[in-house]
Amino acid sequence: MKIKINYLDTTNKIYLSPPCITNKEIKFVNEALLSGWISPFGSFIDNFTKKLSLYYSHKNILLTNNGTSAIHLALKILNIKEGDYVLCSDFTFAATAFPILYQKAIPVFIGADQKSWNLSPEYLEHALINLKNKNIQPKVLIVAHIYGMPCNMKSIFDICKNYNIKIIEDAAEALGSKYFNLPLGQLGDYGILSFNGNKIITCSTGGALILPNQKDYSYAKKLANQAKEDIDYYKHEELGYNYSQSNILAAIGLAQFKSLNQKVTQRRNIFNYYLSYFKNKLEIESQIEDENCFSNRWLSSFIFPKDLNKKIKDILNKKGIESRYLWNPLYKQTVFKNYFFYGDKSFENYLFKHGLSLPSGNNLTKNKLKRIINIIDKNL
Ligand SMILES: *Cc1c(COP(=O)(O)O)cnc(C)c1O
């Protein structure tokens with residue numbers, strides 16, 4: 001495996017998915033600072049937006065201060081209000097679902113399928129039939145591509161079309177992943193990205209909203225700028241938010257984006273390296289990449305027999321190497337208790353109980369990877 005990018009390495013520790021900075025990021029941030037444009041306007045905002053728009057088949061892109069705010073904006077555009085029902089992946093990070101509660105709407109959690117660990121179309125359909133009997137018609141689905149693996153979008157589209165449900169695609173972990181050769185984030189009615197520090201590309205903090213047209217873009221942009229009307233005095237007709245991205249952070253993002261393809265190749269190589277080692281040793285499981293799916297393998301995640309995940313986490317931790325358990329299902333979280341859940345609780349608990357994500361960062365050299373495998377090998 002060749003690592004072609006020269007990352008600045010400042011620590012002996014190995015983190016799960018650390019930000020990887022090169023001299024390019026430093027150069028761009030310097031340029032941004034020297035330009036004087038250090039707030040939400042400037043050439044790095046423009047250029048990063050343009051680059052993303054090109055990557056996403058010329059869709060409209062709004063950079064935001066994080067991925068969570070991008071999901072919130074999508075719900076606002078879709079006019080989700082108090083008492084509305086919003087379908088949502090259950091096996092995901094809580095940020096996928098929090099904006100539903102920001103709007104005082106009601107989440108309906110849909111369980112994971114055994115192959116992809118993503119939202120199961122079967123449980124989705126089951127939920128909709130069941131809710132219909134209760135006279136409940138959800139308006140929107142937020143669907144997350146977990147650890148970069150594409151969901152079964154074809155079936156999800158068919159079901160949502162049938163029930164007249166709009167789709168927000170949470171591609172926070174899936175930049176660089178593809179479905180039928182299309183980049184994830186542009187398949188739904190709206191898509192969101194995250195440029196948080198641990199994602200495949202970072203701005204330190206940041207996100208993007210992928211929108212289908214200029215009208216939605218303008219509205220989202222207004223909401224993200226304190227809902228200030230586009231006139232020469234302060235006029236606000238509705239509730240606004242401060243969700244804009246800074247030009248300095250966009251400079252980091254633009255530098256990072258230039259090597260997206262290499263970063264995806266690296267992460268896939270890291271995953272395959274772990275996989276080929278474990279395959280001959282243990283009964284492990286991982287997300288299955290279906291035909292026409294291409295995962296960026298953001299985090300190399302495996303299910304281990306017995307309590308091996310806990311054991312591995314422990315021995316790595318003692319050597320200064322970070323690893324992390326998989327998602328604790330949302331239906332179990334105190335903040336989301338008492339909402340509907342349709343799915344297989346035992347399967348999600350199994351993922352949580354036996355799963356572990358191993359270091360997957362783009363600065364993980366072959367030597368470091370060998371070190372990790374050696375430590376695991378000696379202690380198994
Ligand atoms: C990281 C993440 C988010 C939130 O992104 P932030 O930029 O941290 O707000 C949302 N959904 C998923 C699945 C994520 O992994």
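Tutor: One term to begin with: a polar contact is a pair of N or O atoms within 3.5 Å. By that cut-off, K199 qualifies, because an N or O atom in the K199 side chain is 3.2 Å from an oxygen atom of the ligand. Bear in mind that this is a predicted model.

Student: OK. How much of the ligand does the protein bury?

Tutor: The protein buries 93% of the 380 Å² that the ligand exposes when taken alone.

Student: And which residues come nearest to the ligand?

Tutor: T68, D170, E173, S194 and K199, out of 14 residues around the ligand.

Student: How far is the polar side-chain atom of E173 from the ligand oxygen? And S194?

Tutor: For E173 the distance is 2.5 Å. For S194 it is 2.7 Å, again from a polar side-chain atom to an oxygen atom of the ligand.

Student: What classes of residue make up the shell around the ligand?

Tutor: Eight are polar, three are charged and three are nonpolar.

Student: What caps the N-terminal end of α3?

Tutor: N66 does, with a side-chain oxygen 3.1 Å from the backbone nitrogen of T68. After the helix comes N79, which has a positive phi near 60°.

Student: Switching to H145. Where is it?

Tutor: H145 sits in the loop that links β4 (140-144) and α6 (153-162).

Student: Buried or exposed?

Tutor: H145 is buried: its relative accessible area is 1%, and the buried class takes in everything under 20%.

Student: What does the H145 side chain make a polar contact with?

Tutor: With the side chain of E169, at 2.8 Å.

Student: Which residues does H145 touch, skipping those up to four places away in sequence?

Tutor: Among them are N118, P150, C151, E169 and L184. D170 and E173 are also on that list, and both of these are among the residues that come nearest to the ligand.

Student: Now N60. Which strand is it in?

Tutor: N60 is in β1, residues 60-64. At 18% relative accessibility N60 counts as buried, because the class covers values under 20%.

Student: What does N60 pair with, side chain to side chain?

Tutor: Q214, through a polar contact of 3.3 Å. Setting aside neighbours within four places in sequence, N60 is also in contact with residues including L209, P212 and Y217.

Student: What about F93? Where is it placed?

Tutor: In the loop between β2 (85-89) and α4 (98-102). F93 is partly exposed, at 45% relative accessible area.

Student: Now the whole chain. How many helices and strands?

Tutor: Twelve helices and 13 strands. The protein is as compact as a globular protein of its length, because its radius of gyration, 21 Å, is close to the 21 Å that the globule rule gives for 380 residues.

Student: What does the C-alpha trace span?

Tutor: About 65 × 60 × 35 Å along the principal axes.

Student: How much of the protein is buried?

Tutor: Buried residues make up 56% of the 380. The accessible surface is about 17,200 Å², and 49% of that belongs to carbon and sulfur atoms.

Student: Last one. What share of the contacts between residues at least 6 apart joins residues at least 24 apart?

Tutor: 72%.

Terms used: Residues numbered from 1 in each chain as written. Predicted model: local features only at pLDDT ≥ 70, side-chain atom pairs only at ≥ 80, totals over all residues. Heavy atoms only, no water. Near = heavy atom within 4 Å. Polar contact = N/O pair within 3.5 Å; in protein donor to acceptor, adjacent residues only side chain to side chain. Areas by Shrake-Rupley, 256 points an atom, 1.4 Å probe, with all protein chains shown as cover. Nonpolar A, V, L, I, M, F, W, Y, C, P; charged D, E, K, R; others polar. Helix = DSSP H or I, 4+ residues; strand = E, 2+ residues; numbered from the N terminus. Rg over C-alpha atoms; globule rule 2.2 N^0.38 Å. Buried < 20%, exposed > 50% of the residue type's maximum accessible area, 1.4 Å probe, protein only. Contact = heavy atoms within 4.5 Å.
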